[in-house]
Amino acid sequence: MEKSITLNLKNAGKFVSFEEIVALAQQSIRHLDNLNNGTGAGNDFLGWLSLPDDILTQLDDIGKAAERLRSLSDTTVVIGIGGSYLGARAVIEGLSHSFMPALKQKHHEVIFAGQNICEDYMSELIDLLDERNYSIVVISKSGTTTEPAIAFRILKNHLEKKTGKAGCAERIIAITDRKRGALKKMADLNGYETFVIPDDIGGRYSVLTPVGLLPVALAGFDIRQLVKGAKSMEEQTRHNRNAATNPALLYASARNLIMQTGRTIEIMAGFTPRLHFLAEWWKQLYGESEGKEGKGLFPASVDFTTDLHSLGQYIQEGRRILFETIISVENPRKKVIIPHEIDDSDQLNYIAGKRLSEVNINAELGTTLAHNDGGVPIITISVPELTEYHIGQLIYFFEIACAISGYILDVNPFDQPGVEAYKTNMFALLNKPGFEKESEKIRERLKL
Ligand code: PA5
C-alpha cells in the first residue's frame with residue numbers, strides 16, 4: 001500500500017490546543033455533510049467532490065489526445081489563466097526536472113502562456129516557438145477571458161504561418177464549456193478537438209478535469225496515479241465523520257482557530273523549489289474561495305531556504321500576524337553527497353559525506369523550532385515523495401479542506417465576485433463595446 005501524506009499539528013499546539021482543534025472539527029462535520037448533501041452555499045459547484053471516480057471514463061481519451069499532440073510536435077503551449085492554468089503548472093513543476101524539463105517530460109516540453117499580458121513574455125515566447133515544432137492547448141471555461149484569448153489569437157496566427165490552416169487546426173485542442181463562449185464557437189468552426197469543463201466545477205477546483213489532466217499527460221506524467229492519489233484522499237476525508245482523524249476537518253479548523261489569535265496571514269512554505277507552483281495554486285484556491293465579505297486568511301508563500309535569507313527576518317521577529325503551513329517532503333529523488341576536502345578551507349568537513357537532503361531536513365527542523373519560538377504557529381503536512389500519487393492526494397486534501405474552511409467562515413467558497421472589478425475598468429479604458437458608460441466615468445476620474 002502507498003504511504004499517505006499526513007497532517008501534524010504539534011507545532012500549532014502552543015497557540016491552539018489539539019482539543020480545541022478537534023472540538024471545532026467536530027462542529028464542522030455539519031459542513032462536510034452540507035458538501036455531501038449539496039445543502040451549503042454554492043451547491044451548484046460541487047462536481048469536483050466526486051471527480052476521482054467521475055473522471056475515470058475520460059482518462060483514455062485524455063491519454064490518446066496527449067499522445068496525438070506528442071506525435072505531431074515536440075512542444076505544447078498550454079494557454080490559460082487562474083484556475084485554467086495553475087493546477088496543471090503545479091503538478092508539472094512538482095514532477096519535472098528543474099533544469100531540463102523535457103528530460104522528465106519524456107522529450108516533450110509543456111510551456112505556459114496566456115497567464116499574463118506582458119509583451120516581452122510573448123515576444124520571447126515567439127522567439128522560442130520560431131525554432132519549435134509545437135501544438136496548442138487552449139483552456140478557458142468562459143471562453144472569453146481576455147488574457148488567454150489574446151495569447152491564443154497571437155499564437156494561432158503564428159502557428160498557422162508555420163503549418164497552414166489545416167495543420168494548425170490539427171494541432172489545437174480546446175478545453176472549454178460544453179455550449180457557451182467564443183472559444184467553443186471557434187472550436188466548432190475550425191474543427192478543433194475539444195474537451196469539456198463541467199458546469200458544476202469552478203476554475204480553481206478543476207485540476208482533476210481535462211483542464212489539469214491533459215497538460216499533465218502531455219508532459220508525460222501518469223494521470224491515473226494522480227487520480228488514484230486523489231481518490232485515496234477522498235476516502236480519508238469525504239465520508240470520514242471522525243473529527244480526530246479527518247485531516248481536512250482538522251486543517252480547516254486549525255487554520256481558522258489560529259486566525260482567531262490575530263494571525264491573519266497563512267504562509268505556505270516548502271523546502272524545495274519544486275513546490276513553488278503548488279503554493280501558487282493553493283494561494284488561488286484559498287484566496288478566491290475565502291477572501292470576501294471582509295473575511296479570510298491572506299494566503300502567501302515562501303520557498304525555503306532561499307527566502308529565509310529575505311523574509312526569514314520578518315517571519316522570525318516582525319508583526320505577529322502570521323503562521324506557516326510547511327509542506328515537508330520526506331524523500332528527494334536522487335542522492336547528492338557533500339564531498340570531503342583535505343584542507344577544509346570552507347570549514348564544511350563537519351557535514352562531509354552527508355547527503356544534501358540531510359542538511360535540508362535539519363534546516364527545516366531548525367526553522368520550525370526557531371519560528372515556533374518566535375511566536376509562529378506551524379502546521380506541517382508531510383509528503384512521502386513528490387510523485388503523481390502524492391500530489392493527487394495534496395490536491396484533493398486542499399480542495400475539500402478549503403470548502404470546509406469557507407463554510408466555517410460562513411462564505412460561499414465557490415464564487416469570486418471580486419475578480420470582475422479590474423476587468424470592468426480595463427475594458428472601459430480599452431473602449432470595449434458595451435462599456436461606454438463606464439468608460440466615460442473612468443476617464444473623468446482619471447482626467448483623461
Ligand atoms: O477560479 C476561477 O474561476 C478563475 O480563476 C478562472 O479559472 C480564471 O479567471 C480563468 O477563467 P476561464 O477559464 O473562464 O478563462
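Analyst: The C-alpha centres of domain 1 and domain 2 lie 29 Å apart in this predicted model. The domain assignment, which is automatic or taken from a database, gives 6-42 + 226-408 as domain 1 and 47-224 as domain 2. Residues are numbered from 1 along each chain as its sequence is written. Because the model is predicted, local features need pLDDT of at least 70 and side-chain atom pairs count only at pLDDT 80 or more, whereas totals for chains, interfaces and linings use all residues; side-chain values use heavy atoms, without hydrogens and water.

Across the boundary, 30 residues of domain 1 are in contact (heavy atoms within 4.5 Å) with 32 residues of domain 2. The buried area, meaning the accessible area (1.4 Å probe) that the two parts lose on being put together, summed over both, is about 2700 Å², and carbon and sulfur atoms give 63% of this area. On the domain 1 side, Leu 226, Val 227 and Phe 277 supply 25% of the area buried against domain 2, more than any other three residues.

Charged groups also meet here: the count between the domains is 2 salt bridges, a term for a side-chain nitrogen of Lys or Arg within 4 Å of a carboxyl oxygen of Asp or Glu. The side chains of Glu 288 and Arg 204 form a salt bridge, with 2.9 Å from N to O. By class, the side of domain 1 that touches domain 2 has 15 nonpolar residues (Ala, Val, Leu, Ile, Met, Phe, Trp, Tyr, Cys and Pro), 11 charged residues (Asp, Glu, Lys and Arg) and 4 polar residues (the others, Gly among them).
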